[in-house]
Amino acid sequence: MEYFVQQLVNGLTLGSIYGLIAIGYTMVYGIIGMVNFAHGDIFMLGGFAALIVYLVLVGLFGGIPIALALFIMILVAMVMTGLWNWVIEKMAYRPLRGSFRLAPLITAIGMSIALSNFIQVTQGPRNKPIPSMVSSVYDVFGISISLKQIIIVVVTAVLLTIFWYIVNHTPLGRAQRATEQDRKMAALLGVDVDKTISITFIMGAALAAVAGTMYLMYYGVIVFTDGFTPGVKAFTAAVLGGIGSLPGAVLGGLMIGLIESLWSAYFTIDYKDVATFSILAIVLIFKPSGILGRPEVEKV
Amino acid sequence: MSDNLLHVKDVETYYGNIRALGGVEVEVKRGEIVCMIGANGAGKSTLMMTICGSPQARTGSVTFEGQDITRMPTHEIARLRIAQSPEGRRIFPRMTVYENLQMGASLDNLKYFNEDVEKIFTLFPRLKERQSQRGGTLSGGEQQMLSIGRALMARPKLLLLDEPSLGLAPLIVKGIFAAIKKLNEEEGLTVFLVEQNAFAALKLSHRGYVMVNGKVTMSGSGRELLANPEVRAAYLEGGHH
Ligand SMILES: Nc1ncnc2c1ncn2[C@@H]1O[C@H](COP(=O)(O)OP(=O)(O)OP(=O)(O)O)[C@@H](O)[C@H]1O
Ligand SMILES: [Mg+2]
């Protein structure tokens with residue numbers, strides 16, 4: 001039983017990271033119907049930005065309170081990835097809006113390759129370790145919960161709350177949803193559609209940057225290929241939860257995190273991805289639009 | 001000339017290679033109600049959308065308050081307070097009635113928001129009852145009310161209505177037309193509307209235009225057009241009188 005709960009905790013942590021990344025996929029898909037294949041690399045870029053910031057901070061100040069360091073790391077990573085996503089949306093994706101559906105998709109794959117190669121060239125092809133920042137582990141009724149895990153889950157919960165509030169209760173969020181539902185009408189009501197789409201890309205990137213920072217802190221190492229696997233997992237999470245749905249992305253992320261942890265705990269770890277994708281396949285057979293997705297026919 | 005709020009001059013609009021408007025000339029003066037009548041496919045909705053820059057006119061010009069808006073992006077045109085209730089209503093289906101109205105309110109008018117919503121709810125009490133219902137689940141008539149209400153939330157200087165009576169029960173149509181007249185008389189709201197319901201529209205309007213195949217073929221006061229034999233034959237036969 002304790003073992004099981006332990007795996008739940010691990011799964012929840014991993015799932016939080018997937019969920020944060022998945023939101024970027026789902027929002028961009030929702031607003032312009034495009035799968036942003038470069039999003040996983042944005043996550044990786046966020047991790048690297050955080051790492052560099054950490055090294056700079058330690059170099060400049062030696063010991064720095066860990067909470068403050070994390071805060072600055074997250075902030076800079078958000079700005080960096082936001083900037084990157086803003087630029088590629090404007091330069092690479094926007095000119096292709098309205099062309100055939102595959103064009104932006106292929107461009108996104110290109111952007112993904114460009115970004116990971118850029119990091120490979122500038123940061124080297126090897127694993128980059130970060131000194132253990134947070135190492136406390138607590139024992140709660142026989143289950144060990146690390147401070148890292150608590151930080152990840154709490155940061156995720158706080159961000160999701162802020163995010164949920166923005167999307168549902170602010171003029172910006174309304175403009176985003178309006179653009180998603182009827183772009184032309186949104187413009188007729190004074191919504192700057194291009195700007196709204198830009199902001200959506202920036203928001204998705206910012207959340208991915210947080211995920212990247214958390215990932216770096218959790219695993220203590222990052223490498224230029226790290227955008228791929230978590231990216232694919234998070235995309236799977238978005239599809240599983242119902243692409244276009246924000247709660248779906250979070251739910252999907254948590255489910256995949258839990259499936260992976262539990263499968264690795266009770267069965268062979270080699271097959272954990274098989275398990276994940278099998279469950280995706282099964283869900284999609286019964287609910288093609290994902291768990292919380294709405295059926296395509298309802299789309300107006 | 002200076003009391004011209006809107007001036008559409010020699011406008012041609014294309015969809016790809018298909019010409020939908022072939023040199024349209026329309027004027028709307030401050031405080032007027034002007035209507036455009038015409039058969040299906042004449043280009044009425046295209047004209048409404050061209051005024052809002054979506055699609056933009058290929059040639060000719062659209063001038064609003066003396067400013068050339070022909071090449072202005074749609075959202076900036078909207079911010080000049082040209083509000084449209086477009087063809088098909090275009091309610092945001094997954095937003096509540098209240099949120100749809102919020103979308104209508106322009107950001108610099110937020111201080112009037114509550115007052116304006118109350119006004120819309122007085123005009124269309126149905127919307128008040130349904131304010132937390134999702135737009136997509138409203139009946140056709142309710143969506144029409146919401147679409148008009150949403151346009152009014154912008155405190156428009158020019159209100160564009162594309163077939164406001166479409167799909168509504170006669171009593172509701174009467175109510176809506178009465179409301180338009182009242183807003184026009186009491187608040188000086190300028191309205192440019194497109195209607196299939198030519199009789200009611202011409203009676204309501206100060207002036208009217210007739211469009212055939214993307215061109216304006218006739219214009220005159222509402223009364224003149226109502227009395228015109230050609231108009232009667234084409235648009236009013238079997239009408240409401
Ligand atoms: N998006 C489009 N692409 C191509 N052609 C279009 C498009 N929209 C309208 N048209 C064409 O332009 C012409 C004018 O259409 P428009 O919708 O302006 O007519 P309308 O007068 O509003 O008709 P109705 O009374 O039926 O609403 C029609 O021939 C129509 O087929
Ligand atoms: Mg029409």
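Where is the place of Gly98(A)? I found Gly98(A) in the loop between α3 (66–93) and α4 (102–123) of chain A.

**Ground rules**

I am working with a predicted model, where local features need pLDDT of at least 70 and side-chain atom pairs count only at pLDDT 80 or more, while totals for chains, interfaces and linings use all residues. Residues are numbered from 1 along each chain as its sequence is written, chains are lettered from A and ligands numbered from 1 in the order in which they are written, and side-chain values use heavy atoms, with hydrogens and water left out.

I stayed with Gly98(A) and looked up its accessibility. Gly98(A) is exposed, at 79% relative accessible area. My cut-offs: buried is under 20% relative accessible area, exposed is over 50%, and partly exposed is in between (1.4 Å probe, protein chains only). Then I checked a distance: from C-alpha to C-alpha, Gly98(A) is 9.8 Å from Ile32(A), and the two are 66 residues apart in sequence.

Next I went to Ile52(A), which sits in helix α2 (residues 39–61) of chain A. Ile52(A) counts as partly exposed, at 36% relative accessibility.

Is Ser198(A) buried or exposed? Ser198(A) is buried, with 6% relative accessibility. I found Ser198(A) in helix α8 of chain A. Leaving out residues up to four places away in sequence, Ser198(A) touches Trp86(A), Glu89(A) and Arg94(A); a contact here means heavy atoms within 4.5 Å. Arg94(A) is 104 residues away along the chain, yet its C-alpha is 9.3 Å from that of Ser198(A).

**Entry: the cores**

The largest one has 58 residues, and Ile17(A), Ile23(A), Met73(A), Met133(A), Phe163(A), Met214(A) and Met217(A) have the most contacts inside it. Helix α8 (residues 193–219) of chain A gives the largest share of this core, 11 residues.

Setting aside neighbours within four places in sequence, Phe163(A) is in contact with Ile23(A), Met27(A), Met203(A), Leu207(A) and Leu246(A). Apart from this core I found another, of 54 residues, with Met185(A), Ala186(A), Val24(B) and Phe192(B) among them.

**Entry: the magnesium ion**

Which residues coordinate the magnesium ion (ligand 2)? I found Ser45(B) (OG) and Glu87(B) (OE), at 1.9 to 2.3 Å. Donors are N, O and S atoms within 2.8 Å of the metal (3.2 Å for Na, K and Ca), and water is not among the atoms, so sites may look incomplete. Ser45(B) lies in helix α1 (residues 44–51) of chain B and Glu87(B) in the loop between β6 (82–85) and α3 of chain B, so the pair ties together parts that are 42 residues apart in sequence. Ser45(B) is buried, at 16% relative accessibility, whereas Glu87(B) is partly exposed, at 48%.

**Entry: α1(B) and what follows**

Why is α1(B) largely enclosed by the rest of the structure? Eight of its eight residues are buried, so that is how I describe α1(B). Just after α1(B), I saw that Gly53(B) has a positive phi of about 75°. Then comes a cis peptide bond between Ser54(B) and Pro55(B), with omega at about 5°. Pro55(B) is in the loop between α1 and β4 (59–64) of chain B.

**Entry: positive phi without glycine**

Glu65(B) is not a glycine, but its phi is positive, about 50°. I placed Glu65(B) in the loop between β4 and β5 (67–68) of chain B, and at 35% relative accessibility Glu65(B) is partly exposed. Glu163(B), also a residue other than glycine, has a positive phi near 55°. Glu163(B) lies in the loop between β7 (158–162) and α7 (170–187) of chain B, and is buried at 10% relative accessible area.

Technical notes:
Helices (H or I, at least four residues) and strands (E, at least two) are DSSP runs, numbered from the N terminus. A nonpolar core is a set of buried Ala, Val, Leu, Ile, Met, Phe, Trp, Tyr and Cys residues joined through side-chain atoms within 4.5 Å.
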